[in-house]
Amino acid sequence: MNYTDLEVEAILSYFPSHQVLPKKQATKAALSVPLVLNQAQLWLRDVCVEDLLEWSKKSQFNQNIQQEMKEELELHKPSEKRFSSPVHWAAFCVVGQ
C-alpha cells in the first residue's frame, strides 16, 4: 500500500459513515454528496497521524490493510498532519447530479 492508496481509502470510507442523499433531498440529518466529499477532504487535510492510527483501528479494513497503514503511519510523528497538502485530497471531485 502506498500513500495514494491510504488517501483513497480514507476519503471513500468517510462516505458510508454519513447518510448521503441527492442534493435536492439533502437535510441537516442527511447531507448531499458534494458536502460529504468536502467534509472528507477537510478531515483528511486536518487529521494528524495519531488520529489516523485510531481511525484505522476502528475501520472495517481487513487486518492486512490495517497493518500496512500502521507501518506506514508510524514512520511519522504522531502530531504530523501527513495529508495537509492539497496534492493528497484536492483531486477528489463529484461529477453529475
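Mentor: Two residues are in contact when heavy atoms of each lie within 4.5 Å. The model is predicted, so local features need pLDDT of at least 70 and side-chain atom pairs count only at pLDDT 80 or more, whereas totals for chains, interfaces and linings use all residues. Residues are numbered from 1 along each chain as its sequence is written, and side-chain values use heavy atoms, with hydrogens and water left out.

Trainee: Which residues does Trp 55 touch, not counting residues up to four places away in sequence?

Mentor: Trp 55 touches Leu 6, Glu 9, Ala 10, Ser 13, Trp 43, Phe 61 and Met 69.

Trainee: Which residues of the largest nonpolar core touch the most other members?

Mentor: A nonpolar core is a set of buried Ala, Val, Leu, Ile, Met, Phe, Trp, Tyr and Cys residues joined through side-chain atoms within 4.5 Å. Buried means under 20% relative accessible area, exposed over 50%, and partly exposed in between (1.4 Å probe, protein chains only). Here the largest core has 13 residues, and Leu 6, Leu 44, Leu 52, Trp 55, Met 69, Leu 73 and Phe 83 touch the most other members. Two or more residues each come from α1 (3-14), α3 (49-58) and α4 (63-73); α3 gives the largest share, four residues. Such helices are DSSP runs (H or I, at least four residues), numbered from the N terminus.

Trainee: How do α3 and α4 pack?

Mentor: Two packed helices are described by the angle between their axes and the distance between the axes. Axes are lines fitted to C-alpha atoms over the stretch in contact, and angles run from 0 to 180 degrees between N-to-C directions. For α3 and α4 the angle is about 170° and the axes are 10 Å apart. This makes α3 roughly antiparallel to α4, a term for angles over 145 degrees. Val 49, Leu 52, Leu 53, Trp 55, Ser 56 and Lys 57 of α3 meet Gln 66, Met 69, Lys 70 and Leu 73 of α4.

Trainee: How many salt bridges are there?

Mentor: Side chains of opposite charge can pair when their charged atoms come close. A salt bridge is a side-chain nitrogen of Lys or Arg within 4 Å of a carboxyl oxygen of Asp or Glu. The count is two. One joins Asp 46 and Arg 45 (2.8 Å, N to O); Asp 46 is partly exposed at 36%, as is Arg 45 at 29%. Another joins Glu 54 and Lys 57, with the closest N and O atoms 3.3 Å apart. Both lie in helix α3, three residues apart, about one turn of the helix. Glu 54 is partly exposed at 36%, whereas Lys 57 is exposed at 57%.

Terms used. Parallel < 35°, antiparallel > 145°, perpendicular 65-115°, else oblique.
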